Amino acid sequence: MAGGGKRKGPTRGTGGQRRSGLKGRGATPPAQMRHWFKDRQKPAGGDRGERAEQPGGTEAPARARRPKRDDAPEVMGGRNPVVEALRAGVPASTLYVAQRVDNDDRIREAIKLASDRGIALLEVSRDKLDRLTEGAVHQGLGLQIPAYDYAHPDDLVAAAQDAAEVPLIVALDGVTDPRNLGAIARSATAFGAHGLLVPSRRSAGVTAGAWKTSAGTLATLPVARAANLTAALRAYREAGLFVIGLDGDARTDLADADLVTEPLVLVIGSEGKGLSRLVRETCDTVARIPMRAAAESLNAGVATGIALYEVSRRRS
């Protein structure tokens, strides 16, 4: 047949007609030696929340969120918590209001309080407010608070001396839930404590969650941070304060502890592990809250409230 029906070029069975053109090129290079290989690999920090570039210039979504720094600002959500925080004078930089939010008395009061204090007002989408509050219930209202300015442990004793009162300090050993810290702050304020002491590692700090639970009391109650809790307790003892640890395994009831009327540091352990060994050994005495065997332990916030009530009752 004539014309374009016949195929040009090599056909099946022509063998090595083009073999000479491949001479000198060597074996096929492995993938890691090809120009596109590096662009298709995930970065070494991908597990730390970094974004990896995929072929074609698109970005892969982050797999993990970077841990938040202690000195980073946070956003508190919820209408009641935000209003209470503004009423209490909690330090704040920005009030976020969701677009098309249902306007009620709390929204109006929050806007007025923020305006009176010179706090910036921003209207944002609900999606952005979800991200700012890290998925917490915000009800269309968020308040950005700066990183907390911790006091020095010595400042708590100075506060008691300035008020001409017998020092009462609450120290937290292994309490890692910010909501517990906030609840303890409320009890400490209610029963006249002069401040909270927390270790700088493996402990809850003053976060948005703590502010929210404290109902604004953290605005007036100082919180000190110690690099080493045991060393700070020893320093308090050298300054003339007594240290009582609260532990369910103790043999002495708190009501029978004579030291509660003296200058006092009350140490609260974690709900599960109680007091750590070094902290326990640093205490002048260890006492318990008597309760029925059916309840193995109390929440740290509840236990602190009961203990502070007993201290207040004995002192009065």
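Asp104 is buried, because its relative accessible area is 19% and burial is defined as under 20% (exposed means over 50%, partly exposed lies in between; 1.4 Å probe, protein chains only). The structure is a predicted model, in which local features need pLDDT of at least 70 and side-chain atom pairs count only at pLDDT 80 or more, while totals for chains, interfaces and linings use all residues. Residues are numbered from 1 along each chain as its sequence is written, and side-chain values use heavy atoms, with hydrogens and water left out.

Asp104 is located in the loop between S2 and H2; helices (H or I, at least four residues) and strands (E, at least two) are DSSP runs numbered from the N terminus. The Asp104 side chain comes to 2.9 Å from the backbone nitrogen of Ile107.

An open sheet of mixed pairing is built from four strands in the order S1-S4-S2-S3, where two strands pair if DSSP finds at least two bridges between them. Strand S1 (74-77) and strand S3 (120-124) form the edges, each pairing on one side only. From one strand to the next, the twist averages 25°. Strands of a sheet pair through backbone hydrogen bonds, either parallel or antiparallel. S1 and strand S4 (residues 141-145) run antiparallel and are joined by four bridges; Val75 stands opposite Gln144 in S4.

Helix H1 (residues 79-87) lies across S1, strand S2 (94-98) and S4, at about 45° to S4. Helix H2 (residues 105-116) also packs on the sheet, where H2 touches S2, S3 and S4 and its direction makes about 150° with that of S2. Axes are lines fitted to C-alpha atoms, for helices over the stretch in contact, and angles run from 0 to 180 degrees between N-to-C directions.

Beyond its neighbours within four places in sequence, Leu95 is in contact with residues including Val82, Ile111, Leu122 and Leu143, contact meaning heavy atoms within 4.5 Å.

The protein chain has a mean pLDDT of 82, with 76% of its residues at 70 or more; pLDDT is the predictor's confidence in each residue, from 0 to 100.

How values were computed
A polar contact is a pair of N or O atoms within 3.5 Å; within protein, one must be able to donate a hydrogen and the other to accept it, and residues adjacent in sequence count only if both atoms are side-chain atoms.
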